[in-house]
Amino acid sequence: MSDRPNLIVDLTFEFSLKIISFSEKLEALRKFNMANQLFRSGTSIGANVCEAQGAQSKSDFKHKCKVAYKEAEETRYWLLLCQKAESYPFEQSMLDDVQSIVKVLGKIISSIKE
């Protein structure tokens, strides 16, 4: 990662750190399947955003951002399940964060002219 500020890179990196902690909470409660799903999709958002930074073309950049967007939507789904399931922990701030990430990625994707 570069030293220059980059909103989406910073948002997704910080979100990945929160996902790691939340996944550990789920594992401590023996919610292994949900922990795995959230860990994979939640950290994949930032990984794809980082990959996009080194894209070889606008088309490649847009594709990687779309993959990150899809992973963010999937993560949102798992967090909503945690919110509604009785025996699962839930953190509203994480849902707020992923919704912000979805909005930013959506704007990035829609602004890219190929």
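## Cysteines and disulfides

A disulfide is counted when two cysteine sulfur atoms lie within 2.5 Å. In general terms, a disulfide is a covalent bond between the sulfur atoms of two cysteines. This structure is a predicted model. A search through the whole of the structure finds zero disulfides.

Take Cys-50. The closest cysteine sulfur to its own belongs to Cys-65, and the gap is 11 Å. Cys-50 is partly exposed, because its relative accessible area is 33%. Cys-82 is buried, with a relative accessible area of 0%.

## Helix H1 against helix H3

Cys-82 also takes part in a helix contact. Helix H1 covers residues 7-28, and helix H3 covers residues 58-84. The two pack at an angle of about 40 degrees. Their axes are 14 Å apart. The angle makes H1 oblique to H3. H1 passes H3 in a left-handed crossing.

Which residues make the contact? H1 supplies Phe-15, Ile-19 and Phe-22. H3 supplies Thr-75, Leu-79 and Cys-82. Sorted by class, the contact of H1 with H3 has five nonpolar residues, one polar residue and no charged residues.

## Helix H1 against helix H4

H1 also meets helix H4, which spans residues 92-111. The axes of H1 and H4 come within 10 Å. They cross at roughly 150 degrees. Angles over 145 degrees count as roughly antiparallel, so H1 is roughly antiparallel to H4. This crossing, too, is left-handed.

On the H1 side, the contact uses Leu-7, Ile-8, Leu-11, Thr-12, Phe-15, Lys-18, Ile-19 and Phe-22. On the H4 side are Met-94, Asp-97, Val-98, Ile-101, Val-104, Leu-105 and Ile-108. The residues of this contact of H1 with H4 divide into twelve nonpolar, one polar and two charged.

## A residue of H1: Ile-8

Ile-8 sits in helix H1. Is Ile-8 buried or exposed? Ile-8 is buried, because its relative accessible area is 5%.

What does Ile-8 touch, leaving out residues up to four places away in sequence? Ile-8 touches Val-49, Ile-101, Val-104, Leu-105 and Ile-108. Ile-8 and Ser-59 are 51 residues apart in sequence. In space, they are 18 Å apart, C-alpha to C-alpha.

Technical notes:
Residues numbered from 1 in each chain as written. Predicted model: local features only at pLDDT ≥ 70, side-chain atom pairs only at ≥ 80, totals over all residues. Heavy atoms only, no water. Axes fitted to C-alpha atoms, helices over the stretch in contact; angles between N-to-C directions. Helix = DSSP H or I, 4+ residues; strand = E, 2+ residues; numbered from the N terminus. Parallel < 35°, antiparallel > 145°, perpendicular 65-115°, else oblique. Left-handed = near helix turned anticlockwise from the far one by under 90°. Contact = heavy atoms within 4.5 Å. Nonpolar A, V, L, I, M, F, W, Y, C, P; charged D, E, K, R; others polar. Buried < 20%, exposed > 50% of the residue type's maximum accessible area, 1.4 Å probe, protein only.
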